[in-house]
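I opened a new notebook page today. I wanted to look things up one at a time and write down what I found.

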Amino acid sequence: TIPSVTSLATSLGEFPPEAVIFGRSEVMQSLRDRMDKVASANVPVLIQGESGTGKDIIARMIHGLSPWRTGPFVKVNCPAIPGTLLESELFGYEKGAFTGAYGSKPGRVELAHRGTLFLDEIAELDLGLQSKLLQLLQDGQFCRIGAQEDKKVEVRVVCATNRVLEAEIESGTFRQDLFYRINVVNLQMPPLRERKGDIPDLVAYFLEYYNRKYNCRARTLSADLMSALQKHHWPGNIRELENLIKRYVIL
């Protein structure tokens, strides 16, 4: 059975308020301005930053602010799908393309038609898939596995990575020509340790959110505790802070 577009196109979910997402730091304010400008233009966007900095939310916001917001938002988590399956997952296949292909199936590229295709952790794609993605970005065409001819698709591509792609190019694991294609506009997410002034607002938001979600009444954090949180290095960034507050609320 072919999954419906809605089941694969992630719902945009509940966003934190913009004041919480972008906080007070100068670096996040300029990121917001850049994001607002780029959202309406149909150019590829590359979001870079450490794990847990909120790249996923920014990708969803770009879609929500774009002229294609009524179309699907289709997310592909590249490392979560084994390499052998990733090609058929992305580009789809025709009946009989390989053993077990009893019918034809559209890939996620097709499902994202007139919407946004979000490729999370793009550096995980192998070189063969990188060249197919390059073709998609160059001429809006791709080929299902086992098909004789190319299909055309209109899709806005947003990519994210926690790796330094220039270093991946040096080591030969990432195509330079693909990097130039996806890096038309670059959004750099700062780590939480560089925006410590935003920690109190993030704590207040997560505390209120999880108290409501789990029907709890966890107390506001003391000033001492808040100052300890602001001194912490946060290797897991906002995701680490969120999980800490979630645990605090539940326990």
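My entries follow, from the ground rules to the sheet, the core and the charged pairs.

**Ground rules**

I noted that this is a predicted model, where local features need pLDDT of at least 70, side-chain atom pairs count only at pLDDT 80 or more, and totals for chains, interfaces and linings use all residues. Residues are numbered from 1 along each chain as its sequence is written, and side-chain values use heavy atoms, with hydrogens and water left out.

**Entry 1: the sheet**

I looked up the strand order. Helices (H or I, at least four residues) and strands (E, at least two) are DSSP runs, numbered from the N terminus. Two strands pair if DSSP finds at least two bridges between them. I found an open sheet of five strands in the order E2-E5-E8-E1-E9, with parallel pairing. Its edge strands are E2 (73–77) and E9, and each pairs on one side only. Neighbouring strands here are turned by 20 degrees against each other on average, direction ignored. For such angles, axes are lines fitted to C-alpha atoms, for helices over the stretch in contact, and the angles run from 0 to 180 degrees between N-to-C directions.

Next I checked what packs on the sheet. Helix H3 (residues 26–39) does, touching E1, E8 and E9. Its direction makes about 150 degrees with that of E9. Contact means heavy atoms within 4.5 Å.

**Entry 2: strand E8**

Which strands pair with E8? Strand E1 (residues 45–48) pairs with E8 in the parallel sense over four bridges. Strand E5 (residues 115–120) also pairs with E8 in the parallel sense, over six bridges. I then traced single partners. Val-45 has Val-158 as its bridge partner in E8, and Ile-47 has Ala-160.

Is E8 largely enclosed or open? Seven of the seven residues of E8 (residues 155–161) are buried, so the strand is largely enclosed by the rest of the structure. Buried means under 20% relative accessible area, exposed over 50%, and partly exposed in between (1.4 Å probe, protein chains only). I sorted the two faces. Val-155, Val-157, Cys-159 and Thr-161 lie on one side, and Arg-156, Val-158 and Ala-160 on the other.

**Entry 3: strand E1**

**Entry 4: Ala-59**

I found Ala-59 in helix H4 (residues 55–65). Its relative accessible area is 0%, so it is buried. What does Ala-59 touch? Not counting residues up to four places away in sequence, Ala-59 touches Ile-47, Phe-73, Phe-118 and Val-158. The C-alpha atoms of Ala-59 and Phe-73 are separated by 9.3 Å, and the two residues are 14 apart along the chain.

**Entry 5: the core**

In soluble globular proteins, nonpolar side chains tend to be buried together. A nonpolar core is a set of buried Ala, Val, Leu, Ile, Met, Phe, Trp, Tyr and Cys residues joined through side-chain atoms within 4.5 Å. The largest one here has 32 residues, and Leu-117, Leu-119, Ile-122 and Ile-182 touch the most other members. Helix H7 (127–139) is one of the elements that give two or more residues to this core. The largest share, five residues, comes from H7. I also listed contacts of Ile-122, among them Leu-46, Leu-133, Phe-174 and Ile-182.

**Entry 6: charged pairs**

I counted 18 salt bridges. A salt bridge is a side-chain nitrogen of Lys or Arg within 4 Å of a carboxyl oxygen of Asp or Glu. Glu-89 meets Lys-105 at 3.8 Å, N to O. Glu-89 is in helix H5 and Lys-105 in strand E4 (residues 105–106), 16 residues apart. Glu-89 counts as buried at 17% relative accessibility, and Lys-105 at 18%.

Arg-108 also meets Glu-89, at 2.9 Å, N to O. Arg-108 lies in helix H6 and Glu-89 in H5, so this pair ties together parts that are 19 residues apart in sequence.

My last pair was Arg-212 with Glu-208, at 3.1 Å, N to O. Both lie in helix H10 (residues 199–213), four residues apart, about one turn of the helix. Arg-212 is partly exposed at 48%, and Glu-208 is partly exposed at 45%.
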